[in-house]
Amino acid sequence: MRLVIADCSVDYEGRLKAHLPLATRLLMVKADGSVLVHSDGGSYKPLNWMSPPATTRIETREDQDFDDDAVERWIVQAAKSDDRLVVRIFAKHHESDHQLGVDPGLIKDGVEADLQRLLADQIETLGDGYSLIRREYPTAIGPVDILARDATGHTVAIELKRRGDIDGVEQLTRYLELLNRDPVLSPVRGMFAAQLIKPQARTLAEDRGIACVTLDYDAMRGVDDSEGRLF
């Protein structure tokens with residue numbers, strides 16, 4: 001992993017267009033080819049990024065006749081589309097390279113892991129015509145819990161939590177932004193599923209067009225607790 005703190009501007013060019021004006025930011029280049037642009041705020045979400053597979057070409061002022069005061073220009077080109085990220089660096093404050101080794105991945109707590117397995121086995125719980133594409137669908141920013149297809153053939157990204165809060169909705173939003181850049185999967189809609197969804201999380205999810213589903217963990221496990229009930 002390469003980390004660069006620099007004064008830079010960033011432009012995303014392609015099906016989507018976005019511009020970040022000149023400011024000091026953290027540039028993260030991962031071994032898989034992904035490039036992420038972070039600010040010193042906004043929690044874990046990058047301001048912009050290019051997901052793998054991608055290649056990065058670095059141009060310097062000595063190599064090119066720049067039309068601005070940049071000392072370096074990164075051209076990050078997506079392998080499967082014409083999208084590209086152009087990073088113009090005007091000054092570097094820090095640069096380092098690190099070998100992180102093989103990551104074992106996220107280990108979910110018992111209930112969340114069980115929910116994922118049970119829902120994958122009982123995907124029809126979400127509605128008639130649903131089919132499973134894959135559990136732990138990999139992306140450059142982490143695995144999506146479940147990727148499914150609904151009755152109309154559209155792709156659905158499902159984030160599972162034991163207790164659904166705003167952070168979970170933000171996490172799913174980040175996945176959706178990335179997945180919808182993939183022309184093979186797009187359009188992808190989101191579904192937030194949990195045993196309990198907090199009101200604030202439900203409001204945020206619905207405002208972003210994300211469906212909310214409450215899961216009955218015991219029913220999915222086939223546990224009948226009616227004998228222990230008074231009514």
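Which residues touch the most other members of the largest nonpolar core?

## The largest core

They are Ala157, Val169, Leu179, Phe192 and Ile210, out of 25 residues in that core. A nonpolar core here is a set of buried Ala, Val, Leu, Ile, Met, Phe, Trp, Tyr and Cys residues joined through side-chain atoms within 4.5 Å; buried means under 20% relative accessible area, with a 1.4 Å probe and protein chains only. This is a predicted model, where local features need pLDDT of at least 70, side-chain atom pairs count only at pLDDT 80 or more, and totals for chains, interfaces and linings use all residues. Residues are numbered from 1 along each chain as its sequence is written, and side-chain values use heavy atoms, leaving out hydrogens and water.

Two or more residues each come from β9 (144-149), α2 (166-179), β11 (188-197) and α3 (199-207); helices (H or I, at least four residues) and strands (E, at least two) are DSSP runs, numbered from the N terminus. The top giver is α2, with 6 residues. Domain 1 (2-97) and domain 2 (111-221) each supply at least three residues, with bounds from an automatic or database domain assignment.

Skipping residues up to four places away in sequence, Leu179 touches Tyr137, Thr139, Val144, Leu147, Ala157, Leu185, Ser186 and Val188 (contact: heavy atoms within 4.5 Å).

## Strands around β7

β7 (residues 84-97) pairs antiparallel with β1 (residues 2-13) over 12 bridges; pairing takes at least two DSSP bridges. Here Val4 sits opposite Glu95 of β7.

β6 (residues 72-78) also runs antiparallel to β7, joined by 6 bridges, and Arg73 faces Arg88 of β7. The two strands β6 and β7 make a hairpin, with 5 residues between them.

Conventions: Buried means under 20% relative accessible area, exposed over 50%, partly exposed in between (1.4 Å probe, protein chains only).
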